Amino acid sequence: MLNIRIGNGYDIHRLVPGRPLILGGIEIYHTVGLLGHSDADVLTHGIMDAMLGALSLGDIGHYFPPTDPEWAGANSLVLLEKVHDLIQAKGWRIGNIDSVIVAEKPKLKPHLLRMREKLATVLGVDIELVSIKATTNEQLGPVGREEGIAVYAVALLFQGS
Ligand code: MG
């Protein structure tokens, strides 16, 4: 019997000067970067929350609290690996992931393939199973004013064969 579960994730981080912009484990040149306790990789965070949500395992704040110095400046790909280990230990595998980054600037399209390659490699899945899209917020709201970058993600997990 094939069991399937679906989860969604959302995250947003503030853009500030003096920080690198890291999305999907890729550093992208920009005048501002994302603020956070870890490397603030908002894409990887959204995807982790979708994976955890699929199994009703809570959210990343539960596993990697922003108050814990162990995760200060953490590479979010390491956290993704831990979340992946957790779902694998419960016998679940990734069916597919879909995500959308909402950012006014910079242009992300040229970087999407590298992000997909990076995340697929960390998760040990085919790149075809990791979709990353990018859109602007049409200059509306805080994301539209370039105050932050938001991500929506969905993950489908399966168990059995
Ligand atoms: Mg986050």
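Modeller: In this predicted model, Ser-99 stands opposite Ile-132 in strand S6. S5 and S6 pair in the parallel sense over 6 bridges. The chain passes from S5 through H4 to S6, a β-α-β crossover that is right-handed.

Biologist: What makes S5 and S6 count as paired strands?

Modeller: Pairing requires at least two bridges. S5 and S6 have 6 bridges, so they count as paired.

Biologist: Which residues of H4 are buried, and what do they pack against?

Modeller: The buried residues are Leu-112, Met-115, Arg-116, Leu-119, Ala-120 and Leu-123. Because they cover an arc of only 125° around the axis, they lie on the same side of H4. Their packing partners include strand S5 (93–102), strand S6 (130–135) and helix H3 (76–89).

Biologist: Why is Asp-11 called buried?

Modeller: Buried means under 20% relative accessible area. Asp-11 has 17% relative accessibility, so it counts as buried. His-13, at 14%, therefore counts as buried as well.

Biologist: What makes Asp-11, His-13 and His-45 donors of the magnesium ion?

Modeller: A donor atom must be N, O or S within 2.8 Å of this metal. Asp-11 (OD), His-13 (NE2) and His-45 (ND1) lie 2.0 to 2.3 Å from the magnesium ion, so they qualify as its protein donors.

Definitions and conventions: Residues numbered from 1 in each chain as written. Predicted model: local features only at pLDDT ≥ 70, side-chain atom pairs only at ≥ 80, totals over all residues. Heavy atoms only, no water. Buried < 20%, exposed > 50% of the residue type's maximum accessible area, 1.4 Å probe, protein only. Helix = DSSP H or I, 4+ residues; strand = E, 2+ residues; numbered from the N terminus. Arc of directions from axis to C-beta. Contact = heavy atoms within 4.5 Å. Donors = N, O, S within 2.8 Å, 3.2 Å for Na, K, Ca; no water. Right-handed = clockwise from strand over helix to strand, strands pointing away.
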